[in-house]
Amino acid sequence: MRRRKAEKREPIADPKYNSKLVTRFINSLMIAGKKSVAEGIVYGAFDLLEQKVTDANGVKIFNKAIDNVRPKLEVKARRVGGATYQVPIEVPASRGNSLAIRWIRDIAQKKKGRPMKIKLADELLAAYKGEGAAVKKRDDTHKMADSNKAFAHLRW
């Protein structure tokens, strides 16, 4: 390696819930540097979640949803002698969080015809209950890793 590795910067915990994971989610949702708009969407979605689920607050629902969507395994392409193999590898916690955040955000954005905070609240609620498209995506990722277990010895 010729250069030194860039050090990871920890995000500042968000002002309302004091959670770094919520800050990462807000930052991933942000478009064109409009952080206050992204905060409004996320906090609005949390308020809607609190109305729908009476026994937990918005951040607890959000954390459980992220836990339910976070993958444990994924596959990476590895080239060995002209053939490309899908090698299953374990996902580090930070990458798992990033994938979960990205999947929930993208699925909520793809839905049409309703405000983003409502779409986001619906997707987070589905993930909290262990259903929905983001959880299905995690299950598909795990199935792919499971079906390629034979190539686990090629891990690097």
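Predicted model: local features only at pLDDT ≥ 70, side-chain atom pairs only at ≥ 80, totals over all residues.

Modeller: Residues are numbered from 1 along each chain as its sequence is written, and side-chain values use heavy atoms, with hydrogens and water left out.

Colleague: Why is the aromatic pair of Phe46 and Phe62 called tilted?

Modeller: Rings of Phe, Tyr and Trp (its six-membered ring) pair if their centres lie within 6.5 Å; planes under 30 degrees apart are stacked, over 60 edge-to-face, and the rest tilted. Phe46 and Phe62 have their centres 5.5 Å apart and their planes at 50 degrees, so the pair is tilted.

Colleague: What makes this pair a tie between parts of the chain?

Modeller: Phe46 lies in helix α2 (residues 35-52) and Phe62 in helix α3 (residues 58-69), so the pair ties together parts 16 residues apart in sequence. Helices (H or I, at least four residues) and strands (E, at least two) are DSSP runs, numbered from the N terminus.

Colleague: Why is Lys16 said to lie over the face of Tyr43?

Modeller: A charge sits over a ring if NZ of Lys or CZ of Arg is within 6 Å of the ring centre and within 35 degrees of the ring normal. Lys16 is 4.9 Å from the ring centre of Tyr43. The charged end of Lys64 also sits over a ring, that of Tyr128, 5.9 Å from its centre.

Colleague: How do you know that Glu74 and Arg95 form a salt bridge?

Modeller: The term requires a side-chain nitrogen of Lys or Arg within 4 Å of a carboxyl oxygen of Asp or Glu. The closest N and O atoms of Glu74 and Arg95 are 2.9 Å apart, so the pair qualifies.

Colleague: Is Glu74 buried or exposed?

Modeller: Buried means under 20% relative accessible area, exposed over 50%, and partly exposed in between (1.4 Å probe, protein chains only). Glu74 has 8%, so it is buried. Arg95, at 34%, counts as partly exposed.

Colleague: How do you know that the length of helix α5 agrees with its residue count?

Modeller: The expected span is 1.5 Å times one less than the number of residues. For the 13 residues of α5 (residues 116-128) that gives 18 Å, and the end C-alpha atoms are 18 Å apart, so the two agree.

Colleague: What makes α5 mostly covered?

Modeller: In α5, 11 of its 13 residues are buried.
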